[in-house]
Amino acid sequence: MKNNILINNVLKIVFPLALGGAILYWMYRDFDFKSIENILLNEMNWTWMLLSFPFGILAQAFRGWRWRQTLDPVGEHPRHSTCIHSIFLSYATSLIIPRIGEFTRCGVLRRYDGVSFPKALGTVVTERAIDTLLMAIIASLMLLLQMGVFTTFFTKTGTSLDSILNRFSTTGYIVTAICAVAVLFLLHFLLKKLAIYNKVKATLGGIWQGVISLRNIKNIPLFVIYTLGIWISYFLHYYLTFFCFDFTSDLGVDCALVTFVVGSIAVIVPTPNGAGPWHFAVKTMLILYGVNENNALYFVLIVHTVQTILVILLGVYSWGALSFTKKRNVCQPLQAL
């Protein structure tokens, strides 16, 4: 049992690193890394990169403030500062194990402010659902406005919807649906037989409370402002880097929006900070907009690396700040700071 757990934990770290590394190796196998020094020292405008940093920080801060708001309806009132530190730390830890950040930030609130872990996790699920919906809306609009570019992208990458759907027959869809239902019934049966069923049920109940917390949020306009602030800040954090290079500075907002959306979708693939899939998706789209392949590689490598360093620095800062943060006594009345 312990060996299986150890193997699973190792795979959670090794597989994303191997996947991201394999994609990066394939993309940069013939790349001249020595030439990047000249770009960094002589051809790149670092002023625009530095100007993008506040928006990267602000995006995560908005996420912390919004999370604090979604916790109020479920009776949890952590400090604003703890919420923001937990967000900074969650992004940094996700560089090691993708998706671990969601659990990390819930654990931080549990440790320092006595927040219920299941309820916190439930609000995270709510947040992710809202962000996914918003990104789907933006992606749909971009798809309509830039249909020609996306069609070319899907054709070149072999990910067109027709090519995917044609691989399944009617029988295949039916069998897949039956298997899915069978798996759900099996899981339900196993949970009932397990001794920890009641504990799991209580945990899922807490998660559900967090999921439905959105309907009880007092200030919906503020929630909308926070949500828009997150994604506008993310976009500006990315868009301003276009002005760092001569070959992207004239591409315009349309190109920035399209590559931003495609890159945001690419990071769904579980690699550290989207390394590999993000590089490939954004590079491909830049080429379709007329950027030289070598220049596109320069852009994705430099921008992703610098922004990842920012994530690491914010994580280190929050780790240090939390080490000096006094833990709350959960028996005492909570007052948001």
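## Helix α13

Nine of the twelve residues of α13 are buried, so this helix is largely enclosed by the rest of the structure. Buried means under 20% relative accessible area, exposed over 50%, and partly exposed in between, with a 1.4 Å probe and protein chains only. The buried residues of α13 are Pro277, Trp278, His279, Ala281, Val282, Lys283, Thr284, Met285 and Leu286.

Helix α13 covers residues 277-288 and reaches 17 Å from its first C-alpha to its last, close to the 16 Å expected at 1.5 Å a residue. The expected span of a helix is 1.5 Å times one less than its number of residues. Just after α13, Gly290 has a positive phi of about 100 degrees.

## Basis of the model

This is a predicted model, in which local features need pLDDT of at least 70 and side-chain atom pairs count only at pLDDT 80 or more, while totals for chains, interfaces and linings use all residues. Residues are numbered from 1 along each chain as its sequence is written, and side-chain values use heavy atoms, with hydrogens and water left out.

## The chain as a whole

The protein chain has 14 helices and zero strands. Helices (H or I, at least four residues) and strands (E, at least two) are DSSP runs, numbered from the N terminus. Of the 337 residues of the chain, 41% count as buried.

Among contacts in the chain with a separation of 6 or more, 75% come from residues 24 or more positions apart. Contact here means heavy atoms within 4.5 Å.

## Packing of α6 and α11

Helix α6 (residues 117-145) packs with helix α11 (residues 220-239) at an angle of about 60 degrees, and their axes are 11 Å apart. Axes are lines fitted to C-alpha atoms, for helices over the stretch in contact, and angles run from 0 to 180 degrees between N-to-C directions.

On the α6 side, the contact is made by Ile130, Asp131, Leu134 and Met135, and on the α11 side by Phe223, Thr227 and Trp231. These residues divide into five nonpolar, one polar and one charged. Ala, Val, Leu, Ile, Met, Phe, Trp, Tyr, Cys and Pro count as nonpolar, Asp, Glu, Lys and Arg as charged, and the others, Gly among them, as polar.

Glu102 lies in helix α5 (residues 101-113) and is buried, with a relative accessible area of 14%. Not counting residues up to four places away in sequence, Glu102 touches Val124 and Arg128. The side chains of Glu102 and Arg128 are joined by a polar contact of 3.0 Å.

Helix α3 (residues 46-71) has 26 residues, which should span 38 Å at 1.5 Å a residue; its end C-alpha atoms are 39 Å apart, which agrees. At the start of α3, a side-chain oxygen of Asn45 comes to within 3.1 Å of the backbone nitrogen of Thr47. A polar contact is a pair of N or O atoms within 3.5 Å; within protein, one must be able to donate a hydrogen and the other to accept it, and residues adjacent in sequence count only if both atoms are side-chain atoms.

Arg215 is in the loop between α10 (197-211) and α11, and is exposed, with a relative accessible area of 67%. The C-alpha atoms of Arg215 and Pro73 are separated by 8.6 Å, although these residues are 142 residues apart along the chain.

Leu228 is in helix α11 and is partly exposed, at 42% relative accessible area. Leu228 and Ala59 are 169 residues apart in sequence and 9.6 Å apart in space, C-alpha to C-alpha.
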